[in-house]
Amino acid sequence: MSSHLRTLEADSLHIMREVAAEFARPVMLYSIGKDSSVLLRLAQKAFHPGPIPFPLLHIDTTYKFREMIEFRDRQAAAVGARLIVHTNTAAIADGTQPHAVGTQRCCALLKTKALLDALQAGGFDAAFGGARRDEERSRAKERVFSLRDPLGQWDPKRQRPELWRLLNSRLNPGESVRVFPLSNWTELDVWHYIDAERIPVVPLYFAREREVLVRGESLLVPEQPFVPRLPGEQTERVVCRMRSLGCSPCTGAIRSTATTIPEIVEELLAVRQSERQLRIIDHDQDGSMEMKKREGYF
């Protein structure tokens, strides 16, 4: 492993141990993607040879890719972690899905409200997340300890300084923090670390021929029956892979022939667009991600 990765790893392990020592009820948000896979490995290393001292929390919209859910259950069992799965079942029962209520409303109900309800129900005062500053501009604004008010909402103007890597764990009653141990990592760092540590990831990240709907640059895998077809539209067999994972109706694949991690790294060295360019929820309004985060989104 390179010295650069060792430094990033050491910083992340320090953050995790600091949270375990300072907070009463930490939890790790587990979204099943590559960043979550790295977080999970870091948690194992931080507390080895003991078990991971906090549960994993997955907010299940019920619209994730099937391969993601299978991978989630397999990995949680493999590392011996306690997995909490929470779904906004009332919203699902009301027929909430992105094509019926729009992506903003769908995300607010199935992700943000579900997350806030689950954190409140568990009484969690610190929630690890795999967000990185290079992902999206609003995430670049957040500190490692990102303060949330008693309603779980984020105010960029209330962020606290983190000088000389000093982290402020003091909270007023009802407040909590989201903790981002991968803030200083890049997408390439994550893949280099996965390669160095031989960390399992969801097979959707690797290219193979898949049945997709081709819409401009977006390649949609029509797993959900409610995804509408345009007039005359048929699925096509395209060699592609996922660069970012989310709900299947809102996440596009990219054309790629990368079937190994070194090939993915080589591919990323040539791209200049964010990995979230094909995540519909990031672009459904101006400043979309920041508005969602202010409301309590991950």
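How many bridges join β5 to strand β6, and how do the two strands run? In this predicted model, in which local features need pLDDT of at least 70, side-chain atom pairs count only at pLDDT 80 or more, and totals for chains, interfaces and linings use all residues, four bridges join β5 to β6 (residues 176-179), and the two run antiparallel. Residues are numbered from 1 along each chain as its sequence is written, and side-chain values use heavy atoms, with hydrogens and water left out.

Strands here are DSSP E runs of at least two residues and helices are H or I runs of at least four, numbered from the N terminus; two strands pair if DSSP finds at least two bridges between them. From β5 (residues 145-148), F145 and L147 point one way and S146 and R148 the other, and all are buried, that is, under 20% relative accessible area with a 1.4 Å probe and protein chains only, whereas exposed means over 50% and partly exposed lies in between. The bridge partner of L147 in β6 is V177. The loop between β5 and β6 holds W164, which counts as exposed because its relative accessibility is 74%.
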